[in-house]
Amino acid sequence: MTTIQVPTNCPSCNYVLEWSNDQLFCRNSHCDSQSQKKIVHFAKTLKIKGLGPASVEKLGFESVYDIYAADIEFLTEKLKSEKLAKKLLEEIQNSRKAPLNLLLPAMSIPLIGKTATDKLSKCSNGLHEVDKEVCKSAGLGPKQTDSLLGWLELNNDLYLLPHSLMFEKTNLESTECLGTVCISGRLKSFKTKADATKALSELGYLVKGSLTKDVTLLVNESGIESAKTKQARESGVTIIENLLDFIGEKHGIA
């Protein structure tokens, strides 16, 4: 009887394998095999033709950043064809135009696909605005939010890529956001801030936890002129003293 020896280490990087749902996985983020798969996924998502598994191996790319560092001389030498090199370089150049809607799903971030980024695009203009409040307003769950923000914290060199890191918006999406709201202090018209945030988001408002320069509405139901309220008033921000009344008057909802 033949005995099957279960591997304990990754055959590519020798990292200790982990069991998950009756399968073995290598969790080494620097594993060459994993890196190549991520690059191939990136190229496929951004529709970079000619950058499949065989080409990635020939070129020796170790990360997606290597794609944009390659020039015609390097590509020609590695691919042994100037014609193929020119075609690939053109594809790479075209991929620079990819919006954040495509770029984030291309980065192999756990739980973050096109659906999640489409939601984010309706509540944010670009990567610089993505935070916990934006994720919540967009309807991302706690696990998705933690996955995205954790990944961004560890990969703050994303700005080295030649992309704009801005979301692409349709005309419909650009008109959906009716304003940016900051809720200050305790509420009287809603039981919790979460309830208020949900109501505002459903109407088309973006809710933030801090008074950023793009805030257009500040909710302060305490009646106290706090430093935040004073700052907002001086900046021309509309102060709302009763959110429920505001929603009723503005949107005809009792």
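How many aromatic pairs does the structure hold? The structure holds three. The model is predicted.

**Aromatic pair**

A pair of aromatic rings is described by the distance of the centres and the angle of the planes. Phe-61 sits in the loop between helix 2 (53–59) and helix 3 (64–69), and Phe-74 sits in helix 4 (residues 72–79), so the pair ties together parts 13 residues apart in sequence. The two rings' residues have these accessibilities.

| Residue | Relative accessible area | Class |
|---|---|---|
| Phe-61 | 5% | buried |
| Phe-74 | 26% | partly exposed |

**Nonpolar cores**

In soluble globular proteins, nonpolar side chains tend to be buried together. The largest nonpolar core has 43 residues. Phe-61 is among the members that touch the most others, along with Phe-42, Ile-48, Leu-51, Ile-67, Met-107 and Leu-148. Helix 6 (residues 100–106) supplies the largest share of this core, four residues. Another core of 15 residues lies apart from it, with Ile-183, Leu-187, Val-207 and Ile-240 among its members.

Leu-51 also contacts Phe-61. Leaving out residues up to four places away in sequence, Leu-51 touches Ala-43, Val-56, Leu-59, Ile-67 and Leu-88 as well.

**Whole protein**

The protein has 13 helices and six strands. Of its 254 residues, 38% count as buried. The accessible surface comes to about 15500 Å², and carbon and sulfur atoms hold 52% of it. Among contacts between residues at least 6 apart in sequence, 54% join residues at least 24 apart.

Terms used. Residues numbered from 1 in each chain as written. Predicted model: local features only at pLDDT ≥ 70, side-chain atom pairs only at ≥ 80, totals over all residues. Heavy atoms only, no water. Helix = DSSP H or I, 4+ residues; strand = E, 2+ residues; numbered from the N terminus. Buried < 20%, exposed > 50% of the residue type's maximum accessible area, 1.4 Å probe, protein only. Contact = heavy atoms within 4.5 Å. Areas by Shrake-Rupley, 256 points an atom, 1.4 Å probe, with all protein chains shown as cover. Core = buried A, V, L, I, M, F, W, Y, C linked by side-chain atoms within 4.5 Å. Phe/Tyr/Trp six-rings, centres within 6.5 Å; stacked < 30°, edge-to-face > 60°.
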